[in-house]
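Thank you all for coming.

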Amino acid sequence: QSLTQAEAAEAAVSASIEEARNFLATKRMEAKKFSADPAKQANASLGKITDRINALGAEVTRLKKGIEQHRRNVRIQETGEKVNTAEAEVAKVVTASVLMHNLDAGALDEEAAVGMKTTAAELDTAHSDTSEIKKVAHTLVKEAQLAVAARQKDVDGDEQRKVALSHFRGRLGKAEGQLDGVSKLLRNYEVLRAAIRLVSEVRPLASKAEQAAESAASTCLPLLDGGEEFLAAADVGRLAAALTKHRVAKGQSEEDLLTELTRKNASFSDESSGNAVANEAVANTKEVTVGVSIAMHEDDFLIFLERLSQNISCSDLVLPPAEARRRAMFKAIHGRGTEAIGLEALRTMLRKRFVCIHSVSVTDTLTVVDSKTVHKLEVGEVLESLDEAQKDQSTGMERLRCWVPASDATGFVSVRGTQGTIYLKPFSPFDSFVREMDQKISEVGQVLNQCAKLAKAKQLELLRLDDGVPQAATTEVSMLLKEVLGAVTRFDELRNRATECRKIFKKREDDEHTAHVQCQEKATADAILLPLREQIDALDADEQRLDERADVAVRLASRGAFSEAVEAFQTPCSDSKACEKLCSRAEASARVLRQVLTDQGKKLPASGGTLGPLVEAKKELTRLEKRCQAVEKKCRDAVTAFRRICEGIAEAGRDAAAVALRGQLRDRALAPETLFAELAAGGHLITEEALSAHLNSLDASMPPEHVALICGCIPAGGASGECSSGMDRRLFMRLVQHYCHVIRSIAMTDHFEVASSKTLRKAEVGEFIQVLEGPRTSAKSGLSRIRGKALADGTDGWISIQGNQGTFFLEQVEKPFYVCTADMLLEEKDVPASAQRQLLRTGQLLELLEGPRWVSPGEVQWAKIKACADGDQGWLIVKDHKATSFAEEGQVLTCVTPIALTNQLDIKVADVLRKLDVGE
């Protein structure tokens with residue numbers, strides 16, 4: 001308090017001194033305004049006052065330093081008091097932790113952990129109290145250390161204060177060391193308690209994992225043992241279906257069926273008394289005495305299965321021959337608590353069971369309309385049928401009267417919805433077992449994974465503890481973790497074994513089911529395929545006859561060996577007609593067989609598999625269908641082959657005839673029109689006989705049918721047609737007049753042999769060449785050459801069709817024609833100033849005789865043409881100097897049958913202009 005008052009007084013004096021100095025400074029400024037003498041006197045007086053103020057300021061400064069020294073001493077004293085307080089609190093901590101020294105760090109058991117000196121509860125209390133006091137002491141020590149550090153600036157060279165602070169540090173260091181010792185003691189206790197807790201938490205995990213693994217093994221045991229009981233259940237289902245079919249066919253009740261079956265065996269049993277009764281007595285018994293029930297014992301059941309085919313009609317039923325399996329079937333039928341198959345067991349066996357695969361309601365009446373729901377079937381629920389399925393006439397759905405064991409409800413349920421939704425499927429004991437097993441495996445897997453995860457976490461938590469963890473705790477947790485992981489490993493092996501066993505069982509089940517299905521399918525397949533034998537034999541005979549007739553033609557046509565065909569077929573037209581008749585007969589047999597295939601195919605049930613008699617029957621039907629298609633294709637190929645043979649023969653005959661006729665035209669210097677008129681004898685056709693006689697006179701003789709092919713197989717357009725009675729003018733002109741188009745530049749020579757000839761000029765690409773002679777093949781060079789006239793300029797020479805390396809220089813084309821695209825004048829010469837002769841109209845047909853030729857100037861393209869309408873000849877401007885086209889190559893159609901020419905496209909509203917004659 002005194003220091004505070006002194007500091008306040010010092011501050012007030014310092015403020016007064018500062019105020020006085022400011023006032024003196026003001027007065028000095030005012031004194032500067034005086035004259036010299038007054039100013040001098042004033043400054044002297046002010047100087048004395050200033051000295052007095054400075055002396056007071058020095059005294060205040062000295063007093064201020066004294067106050068600061070006292071303040072520092074006081075702060076050092078306060079720091080000492082904090083150190084004393086911290087030491088006192090640390091002493092309390094040390095005293096409170098005395099009980100913790102009784103802890104045995106090597107024990108896991110809580111009682112053994114403290115020996116016999118104190119209890120775990122007392123240790124927990126001591127630990128809690130010590131921890132709380134330690135927190136306070138630690139805070140006080142830290143505050144004292146901060147205070148000592150803060151007082152370091154107060155030393156200011158004072159040795160006494162320096163020694164005091166050093167002493168404080170030493171005392172605080174000792175106190176901090178005591179706290180560290182207590183902290184270590186507390187930590188050791190916490191580690192031990194945590195280790196004890198972790199061990200106690202891991203122990204039940206190991207036990208839980210072992211129990212879960214054992215429960216999974218117990219659940220999977222029926223499958224691991226081979227699943228014989230499920231195979232036996234499947235056999236029972238097939239047997240029940242056969243017995244139901246037999247019972248329904250004979251109109252029997254279940255009791256009548258059981259009586260019949262027992263009578264046909266060596267003995268039967270009385271369920272109530274167990275007495276055996278002779279077969280003769282049973283046969284004579286019409287009614288069963290009250291209180292006595294007919295039943296079938298195990299040995300009787302085995303005898304019944306041995307004589308099954310004799311007892312009932314079941315040719316499509318296949319049961320395993322092994323006695324063990326048949327005993328398993330008996331066990332599956334008679335149920336628990338009985339030793340024989342009685343009426344109730346038989347009813348249970350015959351009753352069909354279904355499982356719900358889509359939620360559906362069970363109603364009280366057959367019709368869905370106005371019915372009430374008595375039970376809601378959920379997915380997985382099992383129900384038993386009480387009657388065969390019936391059809392709801394109002395909705396068309398298939399409905400089943402059933403009993404639901406889960407709720408003891410009886411009613412009607414839909415098997416399939418109107419949209420195709422399936423609600424029920426036949427119950428399978430194996431599928432039910434698999435669902436339960438999968439659910440159990442899933443649950444156990446989750447439990448084991450959780451146990452392993454928790455055990456690993458506990459071990460990791462134990463390893464993360466500080467030094468001092470008992471070795472026994474680490475060892476036991478590791479052993480418990482191994483037990484958990486061992487259970488997980490065994491479970492994984494069990495799951496893998498179950499998966500493998502499921503595959504093996506499924507294969508066995510599928511094999512047995514396949515054998516049973518194939519037995520049923522074989523009878524169906526035989527009944528379907530048997531009626532096809534007669535039609536197949538007929539088709540085989542027709543195909544054989546066709547092969548004998550058409551084999552040579554097909555082979556030659558496929559190889560393009562038409563030169564061989566000329567020798568092989570002297571009467572190709574007759575042979576072709578005979579082949580067509582055989583083809584018609586074979587196609588008719590194929591149609592009959594296809595119709596039978598269609599009818600029998602409708603009887604073939606749908607089969608989703610890839611093996612089995614029905615699949616083989618379907619494949620056989622498909623094969624026979626393909627066989628029909630193959631025969632029809634063979635017929636088409638045979639007809640096509642004979643047509644190609646005829647075309648090839650006609651082509652060869654045409655070439656030979658063309659060479660001979662062109663030679664005659666050359667030798668006699670005749671025009672083609674003149675020779676046609678001579679051979680046609682003034683008519684419009686050259687008869688086959690006249691053409692044949694003329695060719696014979698030219699050493700180009702050929703069979704009459706070959707001549708007929710030449711006349712009828714070369715119509716306009718080059719397409720094959722029926723044999724005609726002669727050759728018209730257009731056909732004759734196309735026969736003797738051949739034209740080629742230059743596709744690669746080639747020399748025109750003056751002689752046939754290249755070696756001894758001279759080049760006349762080069763035929764350029766795009767030129768038209770009229771064939772005058774040939775083609776002929778040179779024996780020296782092997783080149784095929786023709787003598788032709790270039791239409792562009794009339795050059796006459798020999799040209800090679802093809803080179804030694806296979807390069808083609810010419811290609812055969814139709815005779816070139818032009819069609820006027822604009823009205824223009826027909827000129828006599830190839831100069832623009834020539835006299836005009838005729839106006840050519842747009843669309844008029846022009847036959848190219850010479851050209852086209854480019855004429856300068858103006859690069860006008862000219863062509864010498866002949867008008868087909870009246871035969872006038874002259875020069876035509878094909879394209880003028882402005883590149884305007886007046887004519888272009890066009891398609892020429894020749895009338896082969898008289899036909900009307902109309903003025904419109906629609907024949908219903910068109911008027912006839914005139915009739916077109918043959919050859920126009």
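I will begin with the model itself, then turn to the helix pair, and end with the cavities.

This is a predicted model, in which local features need pLDDT of at least 70 and side-chain atom pairs count only at pLDDT 80 or more, while totals for chains, interfaces and linings use all residues. Residues are numbered from 1 along each chain as its sequence is written, and side-chain values use heavy atoms, with hydrogens and water left out.

Helices here are DSSP runs of H or I with at least four residues, numbered from the N terminus. The axes of helix H7, residues 254–263, and helix H12, residues 343–350, come within 10 Å and cross at roughly 110°, the axes being lines fitted to C-alpha atoms over the stretch in contact, with angles from 0 to 180 degrees between N-to-C directions. H7 and H12 are therefore roughly perpendicular to each other, a term that covers 65 to 115 degrees. Contact, meaning heavy atoms within 4.5 Å, is made by Glu-254, Glu-255, Leu-257 and Leu-258 of H7 and by Leu-343, Leu-346, Arg-347 and Leu-350 of H12.

Now to the cavities, each a set of points on a 1 Å grid over the protein atoms alone where a 1.4 Å probe fits but cannot get out. Residues lining the largest cavity, with an atom within 4 Å of a point, include Leu-258, Phe-301 and Leu-346.

Conventions: Helix = DSSP H or I, 4+ residues; strand = E, 2+ residues; numbered from the N terminus. Parallel < 35°, antiparallel > 145°, perpendicular 65-115°, else oblique. 1 Å grid on protein atoms, 1.4 Å probe; cavity = no way out; pocket = protein on both sides within 12 Å on 5 of 7 lines; lining within 4 Å.
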